[in-house]
Amino acid sequence: MSARKLELVCPAGTPAAFRAAIDAGAHTVYCGFNDETNARNFPGLNFSRDELGASIAHAHKKGAHTLVAINTFPRAGAVGFWHKAVDDAARLGADAVILADIGLLDYASKKHPNLRLHLSVQAAAANSDAIAFYARAFGVKRVVLPRVLTVQEIAAINRDIEIETEVFIFGGLCVMAEGRCSLSSYATGKSPNMNGACSPASHVEYREEDGELVSRLGGFAIHRVGASEPAPYPTLCKGCFEAGDYKGHVFEDPSSLDAAALIPQLAEAGVTALKIEGRQRSRSYTESVVRNFRKAVDDYAAGRPVVAGALRDLTEGQTTTAGSYRKTWR
Amino acid sequence: MWNSKDIPLFPAVGAAVLRFAPLTPLSLAGAHLVKTLIRRHPSLFARLGEQADKTFLIDPTDLPFAFRLAPHVDAPSLETVRREDAGAWDARIGGPLAALLGLVHGVYDGDALFFSRDLVIEGDTEAVLALRNAIDNEEIDLATELTALLGPLEHLAAAPARRVSSLVGSWFGVALTREDERHA
Ligand code: SF4
């Protein structure tokens with residue numbers, strides 16, 4: 001018997017990565033403008049208006065969809081900048097926009113009633129009441145669930161709501177309920193929620209000191225690794241600190257999400273779409289990960305066993321975890 | 001799927017010979033190459049934005065010299081330098097030549113090479129990211145860029161140059177064309 005087909009939602013940080021994702025079998029690609037309206041506002045990354053228009057047209061020709069992430073929170077006095085991003089995404093033919101801010105959802109639902117709205121993980125809607133509110137108030141059609149829920153909690157949410165759910169299946173982990181973490185603001189004055197980059201590169205420094213690689217963020221040393229250890233991203237939540245008698249990864253180990261083995265359970269929990277993290281990664285990463293997961297969702301749909309764990313070398317920490325989907329506490 | 005153990009090192013004998021190679025011809029070719037890149041890939045520089053004003057030390061750690069890249073739109077240069085004469089730079093990207101070429105050809109993922117410690121970055125992280133992302137988007141093929149230096153003779157030279165690049169690449173264990181990278 002064949003199972004339900006899951007939609008694979010894949011990242012693209014550049015037009016080349018976008019094409020690579022489509023070629024590798026993405027059903028849907030998500031991406032953002034090259035400014036602070038999206039939560040991956042990294043140097044050299046993202047799309048100009050022209051690039052986005054061409055990429056959407058390419059996706060449509062290949063039968064794929066494009067979601068445009070406008071998922072930071074508009075700055076007071078500058079909301080027009082975010083409104084324009086929504087207007088441009090609609091004009092360029094985006095299949096949906098991924099939004100987090102209530103004001104922006106309100107604007108988009110009124111100004112573009114035919115534009116499909118997805119609720120970003122940045123909105124941190126983690127229970128059925130919150131999700132139902134967004135659906136009722138703005139006509140949101142899909143919610144991207146925060147990476148803090150177990151499979152059982154996801155199933156419970158899906159039983160109570162009438163809109164689609166999308167969950168992260170692979171990539172870097174953001175342990176805090178997204179949209180609410182202030183660690184980056186504390187160390188650098190810049191936040192993923194307002195400026196679109198957690199631990200922005202402009203505040204990161206790597207230096208070899210006494211045979212160790214030391215990473216600093218905003219002047220704070222957050223990690224030291226020996227020559228044979230994997231290097232981590234410079235995010236504060238994955239730093240090594242001393243707290244009382246404990247010395248180590250106080251918040252989170254630098255390992256990445258790989259929930260491929262949970263695809264059957266997530267499907268049974270009523271999930272519609274699986275999302276791959278990594279708009280900041282190369283087209284080589286996009287190609288490998290998308291191809292792998294397309295095979296996994298096809299295998300699941302055809303009733304074949306899903307093979308997991310083939311992508312460890314591409315991940316931060318070079319170790320993977322099922323994250324909160326299978327919650328165990330230290 | 002690759003892993004760090006698969007990245008070949010430039011043969012030590014070849015590196016020893018290159019220790020005595022004159023650098024001026026390489027610098028002249030480099031200057032020409034970077035000017036041709038600007039002409040052929042304007043979006044690369046658009047993506048670099050203000051980071052195009054920075055100076056990068058591209059440091060193939062298995063070669064006896066490094067490259068000083070200044071992708072300044074008005075006066076771009078790619079100079080071959082001995083490490084001790086490298087002068088000031090804003091950002092350094094170091095790793096085996098094959099890893100650096102693999103990044104240009106989009107075969108390796110920069111973050112994964114960084115996690116596995118095959119790639120070292122120092123200095124201005126923002127500039128490194130901008131350069132890496134801009135290059136990744138261009139789908140550059142080094143052999144094609146080198147034949148483009150021949151101007152009108154480019155079409156005549158393309159096929160033989162590709163064969164020579166493949167041959168030279170296989171001698172030294174590095175892929176000089178995107179096609180070779182895919183088969184590596
Ligand atoms: S510090 Fe960690 S938890 Fe906080 S936003 Fe950054 S990645 Fe997420």
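## Aromatic rings

Across all chains there are 13 aromatic pairs (Phe, Tyr or Trp rings, six-membered for Trp, with centres within 6.5 Å; planes under 30 degrees apart are stacked, over 60 edge-to-face, the rest tilted). The model is predicted: local features need pLDDT of at least 70 and side-chain atom pairs 80 or more, while totals for chains, interfaces and linings use all residues. Residues count from 1 along each chain as written, chains are lettered from A and ligands numbered from 1 in written order, and side-chain values use heavy atoms, without hydrogens or water.

One pair joins A:Phe18 and A:Phe47.

Another group draws on both chains. A:Tyr206, A:Tyr233, B:Phe114 and B:Phe115 make up one aromatic cluster.

## Charges over rings

Two rings of chain A carry a charge. The charged end of A:Arg49 sits over the ring of A:Phe33, 3.8 Å from the ring centre (the rule: NZ of Lys or CZ of Arg within 6 Å of the centre and within 35 degrees of the ring normal). For A:Lys275, the ring is that of A:Tyr30, and the distance to its centre is 4.2 Å.

## Nonpolar cores

The largest nonpolar core holds 83 residues (buried Ala, Val, Leu, Ile, Met, Phe, Trp, Tyr and Cys joined through side-chain atoms within 4.5 Å). Those with the most contacts inside this core are A:Ile70, A:Leu266, A:Leu274, A:Ile276, A:Phe293 and A:Tyr325. Helix α9 (residues 283-301) of chain A gives the most to this core: seven residues.

Take A:Leu274. Leaving out residues up to four places away in sequence, A:Leu274 touches A:Leu6, A:Glu7, A:Leu8, A:Val9, A:Val167, A:Ile169, A:Ile263, A:Leu266 and A:Val297 (contact means heavy atoms within 4.5 Å).

## Chain A overall

Chain A has nine helices and 15 strands. Its C-alpha atoms fill a box of roughly 60 × 55 × 40 Å along the principal axes. Of its 330 residues, 59% are buried. Among contacts in chain A with a separation of 6 or more, 63% join residues 24 or more positions apart.

## Chain B overall

Chain B has nine helices and five strands. From the N terminus, its elements run α-α-α-β-β-β-β-α-α-β-α-α-α-α. Of its 184 residues, 55% are buried. Residues 24 or more positions apart supply 67% of the contacts in chain B with a separation of 6 or more.

Helix α4 (residues 97-104) of chain B has eight of its eight residues buried, so it is largely enclosed by the rest of the structure. Among them are B:Leu97, B:Leu100 and B:Val104. B:Gly106 follows α4(B), with a positive phi near 75°.

## B:Arg117

B:Arg117 lies in the loop between α5 (110-115) and β5 (120-123) of chain B. Setting aside neighbours within four places in sequence, B:Arg117 contacts A:Glu208, A:Leu213, A:Val225, A:Gly226, A:Ala227, A:Glu229, A:Pro230 and A:Ala231. B:Leu150 is 33 residues from B:Arg117 in sequence, and their C-alpha atoms are 37 Å apart.

Terms used: Buried means under 20% relative accessible area, exposed over 50%, partly exposed in between (1.4 Å probe, protein chains only). Helices (H or I, at least four residues) and strands (E, at least two) are DSSP runs, numbered from the N terminus.
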